[in-house]
Amino acid sequence: MSESYPDQRLIVALDFADSGSANALIRQLGDLVNFYKIGLGMIGSGGLELAERLKKEEGKRVFLDLKLFDIASTVSAAVKSVLSLDPDFLTVQGEPHIVRAAVQARGAAPMRILAVTFLTSLNRKDLDESMITEGTMSDITLERASRALTCGADGIICSPLEANQIRNLDQAAGKLIVTPGVRRSGTRHNGQKRIASPADSLNNGADHLVIGRPITQSANPCAAVLQILSELPEPVMEAT
């Protein structure tokens, strides 16, 4: 691993119920981390305000993980409403009409629209309960990713187990692959069912790793970050 920090491939998930706890971790990590994910769990307790401050006052990169899903006009309005925050990434569900609406609403803004395939907490049994079409997790994730990219998504959110296949899609050339479900060997899965180690995730084609509880619930978050970074392969090129 290079001694230069921060490594832009690591995105720390601020999975807290309030922005105060998130701020405490951000202060603790300091210059070790430059990229943070803010999800739905914090939206009602200062999450959007935190996103704006991280971008405009602290020069950090921000991933708004909202997984937008609604009719096209509502998705469009939601995308336009967050453009003033200048997030780097925004997630939407991977249905074609949602991706098209989000991309159109984003316009020329630099924010990347990332399409969600299937949550890494789900397996085939979960999809059966939701009456999702038959097929292996791998096959239907690949098809969902292909359709989202064809509709203009800038990248895909997927399990690290499917990253390699998605990277090999023709439509994935020049696109981002961001993988949650990343856990170091021998650590708790914390409800994730389709996981891989940080190094394996990158070697499978991921550009960015989203890691939350192994860092946020660590007794020493800085040490946890340094340990994760020490296990990463040298980057071939700077991640976008």
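**Exercise 1: One arginine**

Is Arg-106 buried or exposed?

*Solution.* 
- Step 1: start with the cut-offs: buried means under 20% relative accessible area, exposed means over 50%, and partly exposed is in between (1.4 Å probe, protein chains only).
- Step 2: Arg-106 has a relative accessible area of 11%, so it counts as buried.

Before you go on, a word on what you're looking at. This is a predicted model, where local features need pLDDT of at least 70, side-chain atom pairs count only at pLDDT 80 or more, and totals for chains, interfaces and linings use all residues. Residues are numbered from 1 along each chain as its sequence is written, and side-chain values use heavy atoms, with hydrogens and water left out.

**Exercise 2: The rest of helix α4**

Which residues of α4 are buried, and what do they pack against?

*Solution.* 
- Step 1: list the buried ones: Ile-98, Val-99, Ala-101, Ala-102, Val-103, Ala-105 and Arg-106.
- Step 2: recall a helix rule. An α-helix has 3.6 residues a turn, so residues three or four places apart point the same way.
- Step 3: find the packing partners. The buried residues of α4 pack against β3, α3 (72-82), β4, β5 and α6 (137-150).
- Step 4: check what comes next. Gly-107 follows α4 and has a positive phi, near 60 degrees.

**Exercise 3: The strands**

In what order do the strands close into a barrel?

*Solution.* 
- Step 1: count the elements. The chain has 10 helices and 8 strands.
- Step 2: get the pairing rule. Two strands pair if DSSP finds at least two bridges between them. Strands of a sheet pair through backbone hydrogen bonds, either parallel or antiparallel.
- Step 3: read off some pairs. β6 (residues 155-157) and β7 are parallel over 3 bridges, with Gly-155 opposite Leu-176 in β7. β7 (residues 176-179) and β8 are parallel over 2 bridges, and Val-178 has His-208 in β8 as its bridge partner. β1 (residues 10-13) and β8 are parallel over 3 bridges, with Leu-10 opposite Leu-209 in β8.
- Step 4: The 8 strands close into a barrel in the order β1-β2-β3-β4-β5-β6-β7-β8, with parallel pairing.
- Step 5: look at β8 (residues 208-211) itself. His-208 and Val-210 point one way, Leu-209 and Ile-211 point the other way, and all are buried.

**Exercise 4: The phenylalanines**

Which residues do ring pairs link into a cluster?

*Solution.* 
- Step 1: learn the rule. Rings of Phe, Tyr and Trp (its six-membered ring) pair if their centres lie within 6.5 Å; planes under 30 degrees apart count as stacked, over 60 as edge-to-face and the rest as tilted.
- Step 2: count. The structure holds 2 aromatic pairs.
- Step 3: take Phe-35 and Phe-89. Their ring centres are 5.2 Å apart and their planes sit at 50 degrees, so this pair is tilted. Phe-35 is in β2 (residues 35-39) and Phe-89 in β4 (residues 89-93), so to speak distant parts of the chain, 54 residues apart.
- Step 4: take Phe-63 and Phe-89. Here the centres are 5.8 Å apart and the planes are at 70 degrees, so the pair is edge-to-face. Phe-63 lies in β3 (residues 61-68) and Phe-89 in β4, so the pair ties together parts 26 residues apart in sequence.
- Step 5: check burial. Phe-35 is buried at 1% relative accessible area, Phe-89 is buried at 1%, and Phe-63 is buried at 2%.
- Step 6: join the pairs. The cluster is Phe-35, Phe-63 and Phe-89.

Key
Helices (H or I, at least four residues) and strands (E, at least two) are DSSP runs, numbered from the N terminus. Contact means heavy atoms within 4.5 Å.
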